[in-house]
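Let's take a walk through this model together, with the side chains as our guide.

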Amino acid sequence: MQIFPIGIGLGHSDKVRVLCFDETSENVFSAGWDCTILKWSISQTLQPPLMGPNPPTLSPILKFIGHQSSISALVYWPSQGILISGDKQGFIFFWNPKNGELLAKIPTTHLKITALYLDNAENVLYSGGSDGIIRSWRFTGDNFKFSEGNFPPLELFREYHGPKHPIHVIRVDPIRDLVICSGDELNIYFWKKNTPDRPTLIYPLEKTIFSFDIDPIQSKLIGGGQKKKLNLIDYSSHPQELSLITKAPISHVLYIPSHQSWIAFDFNASLYILQDNAITSIMEDKFFSNSMIFPVFDSTGEILVLSSNTDENKDEKFSLRFFWVKWEKW
């Protein structure tokens with residue numbers, strides 16, 4: 001893998017903590033502590049010259065205003081073309097991503113929303129909160145034409161109980177009909193979708209798991225947190241674990257289906273590439289940061305956008321960094 005910087009995005013006034021792409025991978029959305037969502041056009045970053053020592057400075061093409069507290073979660077609903085955000089006051093916001101129109105602001109019983117996940121196959125939205133509860137939501141009614149004056153009711157579908165601390169990551173395995181989560185504790189929780197009151201499996205990994213992702217085809221999970229290691233789990237029947245040592249605690253783990261590879265980031269902004277249950281490559285000093293970063297890949301795995309809260313240059317303190325990723329076989 002080779003990584004080339006192609007742009008620096010300026011526009012946020014505080015730390016960026018969540019990012020997501022739309023279904024076309026032509027636009028990326030960013031949000032965080034300044035209570036705003038910014039929309040960026042990827043086509044801006046792909047104009048010649050694509051790469052060089054001084055990538056161009058980019059400006060957002062749209063600003064979404066409405067949150068009154070820090071935005072802690074952000075997902076895109078491709079089938080309906082809607083952007084969804086959650087904040088630290090427990091509200092879920094629904095937006096028209098084309099013009100920034102606020103379609104609805106829905107209160108939840110979470111004190112703070114800490115994670116969102118969208119099950120596109122079933123059009124069910126999952127929210128995780130500081131209360132350690134996962135709630136699933138679905139729309140009722142037959143009219144799914146979303147607009148500010150026509151927004152179908154959102155009803156609470158199920159509540160998943162077990163964790164005692166805030167939720168960090170939610171995933172759904174559609175093949176095995178599982179809801180999976182981790183948070184501010186040492187356990188990975190697995191529920192059958194229709195048995196939310198009790199987890200079918202609680203698997204301890206380490207003190208605090210900051211991130212994980214799954215490959216549902218192979219029923220594999222890779223997670224990491226405070227300890228300097230990546231944990232690989234085969235959860236298909238009887239879980240088997242393999243640990244891989246890293247140079248720093250792990251902040252983010254992402255599975256890239258288009259390349260059947262895992263990407264992990266540590267607290268020193270190093271990137272780990274994993275294939276076949278092994279770390280195949282480590283990349284350092286590529287992101288102009290030596291601290292925790294918040295990344296997102298597009299659907300092709302060829303565009304990487306991350307937040308870079310650097311103190312080295314005050315003018316770029318809360319910037320986004322855009323990269324072009326060239327995959328190679330190794």
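Predicted model: local features only at pLDDT ≥ 70, side-chain atom pairs only at ≥ 80, totals over all residues.

Let's begin with the cysteines. How many disulfides does the structure hold? There are zero. A disulfide is a covalent bond between the sulfur atoms of two cysteines. For a pair to count here, the two sulfurs must lie within 2.5 Å. Now find cysteine 20: its closest cysteine sulfur belongs to cysteine 35 and is 17 Å away, so the gap is too far for a bond. Seen from the other end, cysteine 35 has cysteine 20 as its closest partner, at that 17 Å. Cysteine 20 is buried, with a relative accessibility of 7%. Cysteine 35 is buried too, at 19%, where the limit for that label is under 20%.

The structure holds 17 aromatic pairs. Take tyrosine 189 and tryptophan 191, whose ring centres are 5.9 Å apart; because their planes meet at 20°, the pair is stacked. Both of these residues are buried. Next, look at phenylalanine 190 with tyrosine 235: here the centres are 5.3 Å apart and the planes stand at 45°, so this pair is tilted. The pair joins distant parts of the chain, 45 residues apart, with phenylalanine 190 in strand S17 and tyrosine 235 in the loop between strands S21 and S22. Phenylalanine 190 is buried at 2% relative accessible area, and tyrosine 235 is buried at 4%.

Elsewhere, ring pairs gather Phe29, Phe64, Tyr76, Phe91, Phe93 and Trp95 into a cluster. One of its members, phenylalanine 91, also has a charged neighbour: lysine 105 lies over its face, 4.4 Å from the ring centre. A second example to look up is arginine 138, whose charged end sits over the ring of phenylalanine 157 at 3.8 Å from the centre.

Our last stop is aspartate 34, in the loop between strand S3 (27–32) and strand S4 (36–41). Which side chain of opposite charge is nearest to aspartate 34? It is lysine 63, 6.5 Å away. A salt bridge needs a nitrogen-to-oxygen distance within 4 Å, and aspartate 34, though buried, has none. What its side chain does reach is the backbone nitrogen of serine 13, at 3.1 Å.

Conventions
Residues numbered from 1 in each chain as written. Heavy atoms only, no water. Buried < 20%, exposed > 50% of the residue type's maximum accessible area, 1.4 Å probe, protein only. Phe/Tyr/Trp six-rings, centres within 6.5 Å; stacked < 30°, edge-to-face > 60°. Helix = DSSP H or I, 4+ residues; strand = E, 2+ residues; numbered from the N terminus. Lys NZ or Arg CZ within 6 Å of the ring centre and 35° of its normal. Lys, Arg positive; Asp, Glu negative; His and termini not counted. Polar contact = N/O pair within 3.5 Å; in protein donor to acceptor, adjacent residues only side chain to side chain.
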